[in-house]
Every structure is written in C-alpha cells, then in structure tokens.
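Dear colleague,

Please find below the structure that I am handing over to you. My notes on it come directly after.

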Amino acid sequence: MGLRLEAAELSAFLTREFPEVADDFEVLSAGDELAMRLKVGPQHLRPGGTVSGPSMFALADVAMYLAVLSRIGPVKLAVTTNISMDFMRKPEAGRDLIGTARILKLGRVLAVGDVLIRSAGSEGVVARAGLTYSIPPGRAA
C-alpha cells in the first residue's frame with residue numbers, strides 16, 4: 001500500500017481535529033500495528049480505582065480510527081460502524097493503558113480490525129475490541 005501516515009502526523013491530526021480528547025492520548029508508533037497510550041487520570045477511574053469501561057472503549061476506538069487513517073490518509077469522516085469489547089481482567093492500578101491496533105482487512109468502504117489493551121509494562125490483556133470502520137466514498141484503500 002502506498003500512503004502511510006507516521007505517528008507524529010497522526011498525533012498532529014488528533015490535536016488539530018479533536019483537541020477535546022487529544023491530551024488524553026499519545027501515539028507511540030504507527031506501522032503494521034498502531035500503538036497508543038491512554039494517559040490514565042482521575043477522570044478515567046471508576047469507584048474501586050480501576051479504569052472505567054468507557055475509557056477503555058475510547059482508547060480502542062481512537063486507536064483503530066488512527067490505524068485506519070494511517071492507511072487511507074487524514075479523513076475526518078471515517079466512522080465507527082461496529083465495536084464489540086471483551087473485558088478480561090482489571091487494569092493494574094496507577095498505570096496508563098496501551099492499545100495496540102491492527103487492521104485485519106482494509107477494503108474500499110470498510111476496514112475491520114482489533115485492538116488489544118494492556119496495562120503499561122504488562123503482557124496480560126485487559127480488554128479486546130473488534131471494530132469495523134466505514135470509509136467515506138472516494139477514498140480508495
């Protein structure tokens with residue numbers, strides 16, 4: 001595939017187009033897989049001190065969005081059409097979360113992929129998400 005956006009370009013896009021959430025995330029790497037950090041703060045916690053499901057959902061969704069954009073270019077109108085999450089274990093207290101996104105199929109109108117979420121520095125998977133994104137017309141894969 002021709003076009004590939006790098007981590008710095010994806011970070012700049014996120015900051016420019018989604019400034020309300022950009023500070024929560026850091027793009028660590030982009031390539032065959034995209035790695036992204038959720039900088040866990042008090043706003044991401046639920047009672048009991050664990051990271052909330054909606055925060056993990058956001059990490060998975062943003063990571064896959066940027067993984068798709070890394071392949072098709074900075075298309076604001078690519079949207080989530082489906083997401084399914086499995087929560088497997090409690091995230092480790094006091095640690096950021098790392099989401100690793102990979103695209104399983106990139107077509108003309110749909111992209112399908114998954115995201116594995118881990119506590120920073122840990123190998124155990126906290127959650128797994130399967131996602132489908134709709135690619136706007138006129139954007140060839």
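Predicted model: local features only at pLDDT ≥ 70, side-chain atom pairs only at ≥ 80, totals over all residues.

Residues are numbered from 1 along each chain as its sequence is written, and side-chain values use heavy atoms, with hydrogens and water left out.

Helix H1

Helices (H or I, at least four residues) and strands (E, at least two) are DSSP runs, numbered from the N terminus. Buried means under 20% relative accessible area, exposed over 50%, and partly exposed in between (1.4 Å probe, protein chains only). Helix H1 spans residues 7-17, and Ala7, Leu10, Phe13 and Leu14 are buried in it. Seen down the axis of H1, these buried residues fall within an arc of 125 degrees (taken from the directions from the helix axis to the C-beta atoms), so they line one face of the helix. The face turned away from that buried side carries the exposed residues Ala8 and Arg16. The cover over the buried residues of H1, counted by contact (heavy atoms within 4.5 Å), includes H2, strand E1 (25-29), strand E2 (33-38) and H3.

Leu131

Leu131 lies in strand E8 (residues 125-134) and counts as buried, at 1% relative accessibility. Leaving aside residues up to four places away in sequence, Leu131 touches several residues, among them Ala60, Met64, Ile83 and Val112. Leu131 and Leu10 are 121 residues apart in sequence and 19 Å apart in space, C-alpha to C-alpha.

Pocket and cavity

On a 1 Å grid over the protein atoms alone, a cavity is a set of points where a 1.4 Å probe fits but cannot get out; a pocket is an open set with protein on both sides within 12 Å along at least five of seven lines; and lining residues have an atom within 4 Å of a point. Grid points are joined across faces, edges and corners, and a volume is the space filled by probe spheres set on the points.

The largest pocket has a volume of about 150 Å³. Helix H2 (19-22), helix H3 (53-72) and strand E5 (79-87) are the elements that give two or more residues to its lining. H3 gives the most, with three residues.

The structure holds one cavity of 30 Å³ or more. The largest cavity has a volume of about 40 Å³, and its lining includes Asp32, Leu34, Ser70 and Arg102. E2, H3 and strand E6 (97-106) each give two or more residues to that lining.

Salt bridges

A salt bridge is a side-chain nitrogen of Lys or Arg within 4 Å of a carboxyl oxygen of Asp or Glu, and the count comes to eight. In one of them the side chains of Asp32 and Arg4 meet at 3.8 Å, N to O. This pair links distant parts of the chain, with Asp32 in the loop between E1 and E2 and Arg4 in the segment before H1, 28 residues apart. Asp32 counts as exposed at 61% relative accessibility, whereas Arg4 is partly exposed at 32%.

Arg16, Glu17 and Lys76 are linked in a network of salt bridges. The closest N and O atoms of Arg16 and Glu17 are 3.4 Å apart, and those of Glu17 and Lys76 are 3.6 Å apart. Glu17 in helix H1 and Lys76 in the loop between H3 and E5 are 59 residues apart.

With kind regards
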